[in-house]
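Got your viewer open and a selection tool handy? Let's take a short walk through this one, stop by stop.

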Amino acid sequence: MTSRNTNSSGEPSRGGRGNKYDGGTLLLRNGRVVDPASGMDEKADVLVRDGVIDSVASGIAAEPGGRVMDLDGKLVVPGLIDMHVHLREPGREDEETIRSGGRAAAAGGFTAVACMANTQPAIDNAGMVRFVLNAAEKTSPVRVFCVAAGTVGLKGEAMTEIMDMRDAGAVAVSDDGKFIQNSEVARRVMEYCAMAGLPFISHCEDQYLSAGGVMHEGYWSTVLGLKGVPAAAEVAAVAREISLAELTGERVHIAHVSTGGAVELVRQAKRRGVPVTAETAPHYLVLTDKAVCGYDTSKKVNPPLRSEEDRERVLEGLKDGTIDVIASDHAPHCEEEKDVEFAAAAFGMIGLETTVGVAMTLLVRKGIVPLKDVIAAMTVKPASVLGIEGGTLAPGRRADITIIDPDLEWEVDPSKFASTSRNTPFKGMKLTGRVVATMVAGKLVYEA
Amino acid sequence: MKGRKHLLGLEELGREQIEQILDAAQSFKEVLERSIPKVPTLRGKTVANLFFEPSTRTRISFELAEKRLSADTVNFTASGSSVSKGESLKDTARNIEAMQVDMIVVRHSASGAPHFLARSLDCSVINAGDGTHEHPTQGLLDVFTVREHKGKIEGLKVVIVGDIAHSRVAASNIWGLTKLGARVVVCGPRTLLPIGIERLGVEATSDLDKALEGADVVNVLRIQLERQKSGLFPSIREYSRCFGLTRERLSAAREDVLVMHPGPINRGVEISQDVADGPFSVILEQVTNGVAVRMAVLYLLSGSEVEPKPE
């Protein structure tokens, strides 16, 4: 068995991006350093040497020949991690590639992403895992971690070679996009994941209850005449995953939680000590099913935008720690798949380039969720769920750092996205707070 | 209706706008009773009827309305068209619009398809039924028929029976009737009553006999066999026993009750033969009124200044 991810300053054992630092030192001066892992939130300097965080303190002197960035008024946070993205490569390079998705991540402040397995073909064997990691090494400016499928072809039937995929570098297992309907298969996959030491990420959707549905089932689906997906489709599936986590002892991570019912189940399970974690996406925190009015296909996503009550309860879950992680579920789609009748449109929204702005504007500035909690949900917490290095600014760690201007006002203009796709629900929205620089191992991969 | 370009649903109309359409329809109904039932209102305008879903009644009704208004009409039906060659809705409509069409009447199986076209095209769009969303001209002609008989809508008890969840006719009736002040009761099996329907301002029940008590109007919806196949009710026989409108059941309603049905009828299933053809039935009047109502909608959306003055 290969050793899992290193916690020192060394290169990651898998999934990493080999950005070599171009030498010398970099001093990030006068920024507000927010590092939830250590509890730090104060004005300080960060010295980066040879791609590694050398020290974090106030009044660090610049070294001769070193670069200095004055970051007065800016936030200096650990490199953000989006643990749920779809990069579409291989198979749908017209929608996104590992390169374009990596660039979108960098522009959005993410120094690492975990890509899901529902490519064409699916990432369901060690060769595919190696393909993704090799492509990432060659083309992505940010680190790409690979999530491997739990069943062959994501069909929910035969288990994949989880041990082989782990040894090829996969950091988690998921059939994301699909729920393993057969509970026996799900149980065996979880047992194998437990043996391999990989978390299992579950897309919770009872596909009998959701069949044919295109939006949340509620008042608005009735008004719009669109087939609804009841909240129970998610809640029932979450209940099963929690039972199986208890049965198998596997660490189960609930992807893209959209309902209040799911939040409540996770909350209770955590109280009982069940090894379960959960994530939600920015759109479930700030949008509701009402946004579908007018049949705007940019608002079509799975799970669907839920009711206002669900939104409030998911937000409550984020605030009390029931929801550990904010992840975008970045799901690129080309225009032809969205510029059609609502029922015929593809599910999914892109999010890499809007997550920070949306969270800063609608959660932090409004005083709804403290900054340190939002940052934690995109740094130390996803790192912990995936068991990967990163998510903190501790000396000795790789210098994956994101710099945010919390006061920068901007308007979401999809035509300027680095992503190949444009399917954002936030088009035209005026936001305050934007990533101005992203560095991976001390190297700037994005600068506004 | 001044300045309004599209008719996508009754949800978006106010009470006054609905009444304006009904009043105009009254004038057009008089036109239809003339020896030469034709006015020059839409002379020189071209209307395309795009029917992506089978329809007899609505398509013919629109076409007649257009011809009575002297519009030029073109018809498009999905079978045998470029749609079967994989052309998208947007491309099909753009091509037809490129032929200098002023108005499009669209029937489509996808809810929101007319909204999609209205966003994509420059011409006026009239919804002739979209998925399970709305069928506004049917709603208008139902309201028109009730108003003609009762002289008002305000305060009437209207019962809509059947597959409420999948009925665009029910939806448009609910919007139209509630906006004009009717008390609307929807009745059907629990599986065919949509979530949140009460928030539209109606009462919902599965007890037909109770619903019919004191009813001024009963609007019976067609039950589709496909709903049984998808497991939403167990059998036509049981459905008919619990939700079929019979003469005996109807006796709970007011003695001047109106019985309506948007057609096509499953005789002996949702409505018994004697009720469908009986003295309370205004089913065929609904069809006649449909032409007048559609003339009114076409006229009001066209921006035409030619008023349909009685002779």
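**Stop one: a cavity in chain A**

The lining of the largest cavity splits into four nonpolar, three polar and three charged residues (nonpolar is Ala, Val, Leu, Ile, Met, Phe, Trp, Tyr, Cys and Pro; charged is Asp, Glu, Lys and Arg; the others, Gly among them, are polar). To see them, select A:H203, A:C204, A:E205, A:V229, A:A233, A:E234, A:H256, A:N302, A:P303 and A:R306. A cavity here is a set of points, on a 1 Å grid over the protein atoms alone, where a 1.4 Å probe fits but cannot get out, and lining residues have an atom within 4 Å of a point. The space inside is about 50 Å³, counted as what is filled by probe spheres set on the points. The count of cavities of 30 Å³ or more is five.

This is a predicted model, where local features need pLDDT of at least 70, side-chain atom pairs need 80 or more, and totals for chains, interfaces and linings use all residues. Residues count from 1 along each chain as written, chains are lettered from A and ligands numbered from 1 in written order, and side-chain values use heavy atoms, without hydrogens and water.

**Stop two: a sheet in chain B**

Now show chain B as cartoon and find the open, parallel sheet β7-β6-β5-β8-β9 (strands are DSSP E runs of at least two residues; a pair needs at least two DSSP bridges). Its edges are β7 (203-205) and β9 (258-260). Next, pick β8 (217-220) of chain B, joined to β9(B) by three bridges; B:V218 partners B:V259.

Key:
On a 1 Å grid over the protein atoms alone, a cavity is a set of points where a 1.4 Å probe fits but cannot get out, and a pocket is an open set with protein on both sides within 12 Å along at least five of seven lines; lining residues have an atom within 4 Å of a point. Helices (H or I, at least four residues) and strands (E, at least two) are DSSP runs, numbered from the N terminus.
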